[in-house]
Amino acid sequence: MYTWSTEQVDPRDRFDYWREVRAKGLFGVTAELEPQHRRDFFGEFSLRQLGDAGLVELRASPYRVERRAGDIADARSDSLCIYQQLGGGGWFGGARLDEFAVRDGMFATSYSDLPYRTVPLHDDGFHLRIIKIPVTNIVPPGAELGELVPRPMQDETALRPLLESCFRDLVEGHDATAADTAPMVQALAHIALIERGIMRPKSRLAQQALRSAHLSLARRLIRRHLSNAALTPTLIAGLLGISVRHLHILFEETEMSFSETVTALRLAQSRRLLREQSGQTIAEVAFACGFESLATFYRLFNASESMTPGDYRARVGLTVDPDRPGHRAVAGC
């Protein structure tokens, strides 16, 4: 992970250094800011490699950005860019581009080597994440990205939650290796290309990307509903908009089935609560994690850890206060 901040630089030089860091970490642009505002300029930049791709997060004071033909000629990037707006918003425009605004949480996609202009909508400046993916090996044969000007992804499209889930997997995977991230980077890129009409949804690569994205979102929905004892394949399939059979097929291609995945996530959450929530009884932990009965929790926990939940809690140095109001002694506490 590479991180940089203007706090490291003399105020007189901050904006010039910012332009240099931004160009090296993302791609070159023409950046403009009135001289009287440069001493007060602030910017933070981070770059994490995702194999050949890069995850950039930047936050900066307001200034004007333009990627001109000369910037592209000086240093081509040849990348698919997927943006997530994190701050108040930004305006995009250009000669070939319909003007649009992106606001907090919205996504946009573009090809890096096309001209555009952008400025923040508000005084809080820029704050966004960008995943920059080299087009090599992600663009289907015969496809061209020359028309892939910046454009927001509409919230109502069915592909939006799939793209967001893949994006979040990459953002949250701090310890993931390049081999781990490569399939998700490819799935993210292909979902973006399907949404932009560059890739046919029925093609082999598109179907593979959709399976990966549905699996990513299924796991995210399972975590969201983990405390619900009525969590079933029917519930998750309905939220995904696919059949229960399709859902099971997604998990058949992984190391764990749907039910094994739910159990593993519930046990992981129970271990965390046993470590961190000393005020909760064993029963409260079990039901907070969605186990349908205390007996089931004990059986599955013991099979996983070769000890009872109470022994596990004692081993990590936490105990339940027997004098806590409402406490009920449970075997193994």
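Reader: Which residues in α3 meet α4?

Author: This is a predicted model, to start with. On the α3 side, the residues are L163, C166, F167, D169 and L170. They meet T181, M184, V185, A187, L188, I191 and A192 in α4.

Reader: How does that contact divide by class?

Author: It has 10 nonpolar residues, one polar and one charged.

Reader: And the geometry? At what angle do α3 and α4 pack?

Author: The angle is about 150°, and the axes are 9 Å apart. The two helices are therefore roughly antiparallel to each other.

Reader: Is the crossing of α3 and α4 left-handed or right-handed?

Author: α3 passes α4 in a left-handed crossing.

Reader: Next pair. How do the axes of α4 and α5 cross?

Author: They cross at roughly 115° and come within 8 Å. α4 and α5 are therefore roughly perpendicular to each other. The crossing of α4 past α5 is left-handed.

Reader: Which residues of α4 and α5 meet there?

Author: α4 brings M184, Q186, A187, H190, I191 and I194. They meet L205, A206, Q208, A209, L210, S212, A213 and S216 in α5. By class, that contact has nine nonpolar residues, five polar and no charged ones.

Reader: Then α5 and α7. What angle there?

Author: Their axes cross at roughly 100° and come within 10 Å. Helix α7 covers residues 244-252.

Reader: Switching to open space. What is the volume of the largest pocket?

Author: About 710 Å³.

Reader: How many residues line the pocket, and which lie nearest its centre?

Author: There are 20 lining residues. Nearest the centre are D169, D180, M184, S216 and R219. Some of these names came up in the packing: D169 and M184 are in the contact of α3 with α4, S216 is in the contact of α4 with α5, and R219 is in the contact of α5 with α7.

Reader: Which elements give two or more residues to that lining?

Author: α3 (160-172), α4 (178-195) and α5 (204-224). The largest share, eight residues, comes from α5.

Reader: How does the pocket lining split by class?

Author: Six nonpolar, six polar and eight charged.

Reader: Take the largest cavity. How many residues line it, and which lie nearest its centre?

Author: The lining has 19 residues. R22, F92, T118, F126 and L128 lie nearest the centre.

Reader: Which elements give two or more residues to the lining of the largest cavity?

Author: Strands β6 (79-85), β7 (90-94), β10 (116-120) and β11 (126-134). β11 gives the most, with four residues.

Reader: How many of those lining residues are charged?

Author: One. The others are 13 nonpolar and five polar.

Reader: And which residues line the second largest cavity?

Author: Y83, Q84, Q85, F92, V102, M106, F107, A108 and L128. F92 and L128 are also in the lining of the largest cavity.

Reader: Which element gives the most to the second largest cavity?

Author: β6, with three residues.

Reader: By class, what does the lining of the second largest cavity have?

Author: Seven nonpolar residues, two polar and no charged ones.

Technical notes
Residues numbered from 1 in each chain as written. Predicted model: local features only at pLDDT ≥ 70, side-chain atom pairs only at ≥ 80, totals over all residues. Heavy atoms only, no water. 1 Å grid on protein atoms, 1.4 Å probe; cavity = no way out; pocket = protein on both sides within 12 Å on 5 of 7 lines; lining within 4 Å. Nonpolar A, V, L, I, M, F, W, Y, C, P; charged D, E, K, R; others polar. Points joined across faces, edges and corners; volume = space filled by probe spheres on them. Axes fitted to C-alpha atoms, helices over the stretch in contact; angles between N-to-C directions. Parallel < 35°, antiparallel > 145°, perpendicular 65-115°, else oblique. Left-handed = near helix turned anticlockwise from the far one by under 90°. Contact = heavy atoms within 4.5 Å.
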